[in-house]
Amino acid sequence: MKSPLHICLLLALLCPLRAQAQRDTTVVVLPGVEVEADRDRPAPATAPGRLATLDAADAEAAGARTVADLLEARSGLFVKRYGSGGLATLSLRGTGSAHTLLLLDGLRVADPQTGQVDLSLLPTVLLESVEVFHGSASGGYGAEGLGGVVRLGTLHAEGPGRLKASGGYGAYGERSLGVVASGGSARLAAVASAEVSRADGDFPYRNETLFPPQDVRRAGADRSLATLFGRAVYRGARQRLSVAGWFNGARRGLPGPGNAPPGGARQWDRHLRLWAAAETRFAGGLLEIKGAAQRTWQRYANPAAAVADTARTRSFDLDARARVAAGRRWLAVGGAAAGFDRADVGGGVGQTRLSAFVQGTGAYGRWLFYPALRFDRYDTEGIRTLALSPQVGVNVQPLAWSGLRLKGSAGRAFRAPTFNERFWQPGGNPDLKAERGWSADAGLLLQPRLRAGGVEAEVTFFYTRLRHQIVWQPGFVDAGVQVWRPANLRRVVTRGMEASLRGQLALAATALDGGLTFTLADARDRSDPAAPSYGQPLRYEPREQLKLHLGAARGAFRLDLSGRLVGPRFLTTDASMRLPAYRVFDAQLGYRRTLGSVAATLSLAVENLFDSAYSIVRFYPMPPRHARVRFTLDFNP
């Protein structure tokens with residue numbers, strides 16, 4: 001049976017090009033703007049919506065060991081943690097953990113069984129960049145992009161030989177050791193990284209549910225993680241080929257809620273991913289084909305509950321696209337993608353994914369246009385889901401002064417139910433409908449020029465309407481145990497605002513940098529006017545968040561301070577119970593010394609500086625004030 005294929009124009013990106021002699025790119029020049037054809041997203045200033053970028057320097061300044069740490073400290077996302085070593089998922093603009101698409105080098109990485117990624121198992125040692133695109137993104141990226149997209153870019157293989165070794169030691173049995181090595185020529189280069197870490201996780205906390213309340217230690221919360229990454233790149237006169245691989249292995253104790261004795265639950269995770277990309281330049285454009293194969297293995301054992309489960313998944317993705325200049329004003333990107341997923345859940349289920357898309361960037365004087373259209377088809381065990389996702393964005397410079405930009409975008413989005421939601425036994429619901437919705441946002445970006453530094457301020461207002469959102473609710477009783485079952489809510493409406501300020505300032509011999517991000521996301525259930533949940537906020541979605549950071553460098557020393565203030569999270573659908581707001585501040589002092597071709601860095605970090613007692617999820621305590629020492633040796637930096 002033939003699948004309908006629809007065409008469009010889009011969101012590719014437009015980005016003022018800085019000359020990069022080392023990079024092998026095809027450049028299309030439009031009136032007043034230059035576009036790198038080897039990228040498919042815009043620069044923050046010229047994007048149609050809010051786009052935040054982070055790099056390795058941000059991770060180092062934040063003392064981030066995992067992607068969860070980095071996004072929690074430096075982005076507008078909310079990171080939901082089940083304790084310090086448990087599951088960590090993300091939420092953007094009031095959406096759930098499965099509503100933000102996570103891409104690794106441009107290809108999806110979420111587990112098809114659960115539809116999410118445990119960010120606590122993604123180390124920053126293999127990353128070079130992180131981009132967070134806020135807002136509906138199905139028109140440009142496909143399913144799951146209801147809240148936005150997080151793009152993770154792994155280490156590049158280029159430049160002269162370099163070796164970087166690092167290690168750390170901290171409270172509660174924490175220790176780590178990592179290495180990154182790269183080298184090669186302009187034609188052939190490779191990079192590899194490895195890291196091992198371990199922690200006992202036996203921090204003290206106050207158990208308020210005991211009578212009288214007592215200070216106890218978190219037992220059975222140990223964890224260890226090992227990761228390996230490698231990439232090789234070949235650059236020819238008109239081609240570029242790359243292959244990469246990543247293995248992640250983790251084992252950890254899951255002690256459960258802190259108000260109950262540990263049951264000895266443990267979990268083992270293994271993740272293997274291989275991917276490759278080939279680019280060929282032709283007159284006026286570039287053809288790119290990339291693919292990935294991924295396998296996951298997870299075992300969970302809970303002796304107290306007599307449970308021992310093993311889950312295995314396999315995923316394959318293939319993406320082909322061409323970038324061409326369409327006249328003097330447009331850059332068009334068109335292509336198709338296919339994928340296959342399989343999991344052991346429900347006796348074994350499979351799913352095929354097909355899509356076709358066209359995206360474009362148009363430049364008309366001070367106006368930039370980003371139309372997009374994508375068609376997706378999912379076939380899951382005889383259940384077919386079709387989705388057409390149009391999207392449009394605009395970016396305009398209203399004045400001759402280039403420091404002011406106005407942005408706006410609107411689009412439709414969707415998400416197909418995961419394997420667990422449809423086929424988990426007991427409790428799965430094969431009759432679930434796909435989640436569908438649309439969102440719109442408008443914003444303003446200011447980038448005034450200062451003699452002693454630079455400032456960037458941005459404010460965005462957004463509105464999202466989602467139908468058939470999937471929520472797990474108490475269902476039937478099986479063998480005396482309450483079984484939770486997913487169901488579609490008819491409608492969820494979210495209104496909100498995002499504001500950010502970043503800047504750098506040079507004062508004599510001291511360099512200052514810092515920023516803050518404020519998020520207001522009011523997500524409410526608008527399903528059934530007769531239900532107690534009608535008009536109430538969604539569970540565990542904070543309405544307000546404020547994050548800030550400040551760094552000061554003088555000579556060989558650097559001091560970094562950061563804090564996050566997160567508002568209350570409701571525990572029940574009728575908003576009758578809630579967790580209190582919390583405030584957490586961290587500090588890090590570093591010393592850097594260069595001796596010949598070696599740069600050595602020693603840093604001392606103190607987390608939870610003011611010793612706040614808090615939990616992100618009820619009864620899952622977070623660690624009190626604690627310290628960590630870290631060193632880095634960088635050869636040929």
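Among contacts in the protein chain between residues at least 6 apart in sequence, what percentage join residues at least 24 apart? After that, where does Thr 380 lie, and what is it in contact with?

A: This is a predicted model, in which local features need pLDDT of at least 70 and side-chain atom pairs count only at pLDDT 80 or more, while totals for chains, interfaces and linings use all residues. Residues are numbered from 1 along each chain as its sequence is written, and side-chain values use heavy atoms, with hydrogens and water left out.

The percentage is 62%, for contacts between residues at least 6 apart in sequence. Contact here means heavy atoms within 4.5 Å. The chain has 637 residues, and 52% of them count as buried. Buried is under 20% relative accessible area, exposed is over 50%, and partly exposed is in between, with a 1.4 Å probe and protein chains only. The chain holds four helices and 38 strands. These are DSSP runs numbered from the N terminus: helices (H or I) have at least four residues, strands (E) at least two. The C-alpha trace spans about 70 × 65 × 45 Å along its principal axes.

Now Thr 380. Strand E22 (residues 367-380) contains it. Thr 380 has a relative accessible area of 2%, so it is buried. Beyond its neighbours within four places in sequence, Thr 380 is in contact with Gly 350, Gln 351, Phe 419, Arg 422 and Phe 423. With Gln 351 there is a side-chain to side-chain polar contact of 2.8 Å. Such a contact is a pair of N or O atoms within 3.5 Å; within protein, one must be able to donate a hydrogen and the other to accept it, and residues adjacent in sequence count only if both atoms are side-chain atoms. Thr 418 is 38 residues away from Thr 380 in sequence, yet their C-alpha atoms are 9.6 Å apart.

Asp 319 is buried because its relative accessibility is 7%. Its side chain makes a polar contact of 3.0 Å with the side chain of Arg 321. Leaving out residues up to four places away in sequence, Asp 319 touches Leu 107, Glu 288, Ile 289, Lys 290, Ala 336, Ala 337 and Phe 357.

Two strands pair if DSSP finds at least two bridges between them. E6 (residues 100-104) and E7 run antiparallel, joined by two bridges. Leu 103 is opposite Arg 108 there.

Eight of the eight residues of H2 are buried, so the rest of the structure largely encloses the helix. Among them are Val 67, Asp 69, Glu 72 and Arg 74.

One more strand pair: E24 (residues 404-415) and E25 are antiparallel over twelve bridges. Leu 404 is opposite Leu 446 in E25. The covered face of E25 (residues 435-446) includes Glu 435, Ser 439 and Asp 441, while Trp 438 and Leu 444 are among the residues of its uncovered face.
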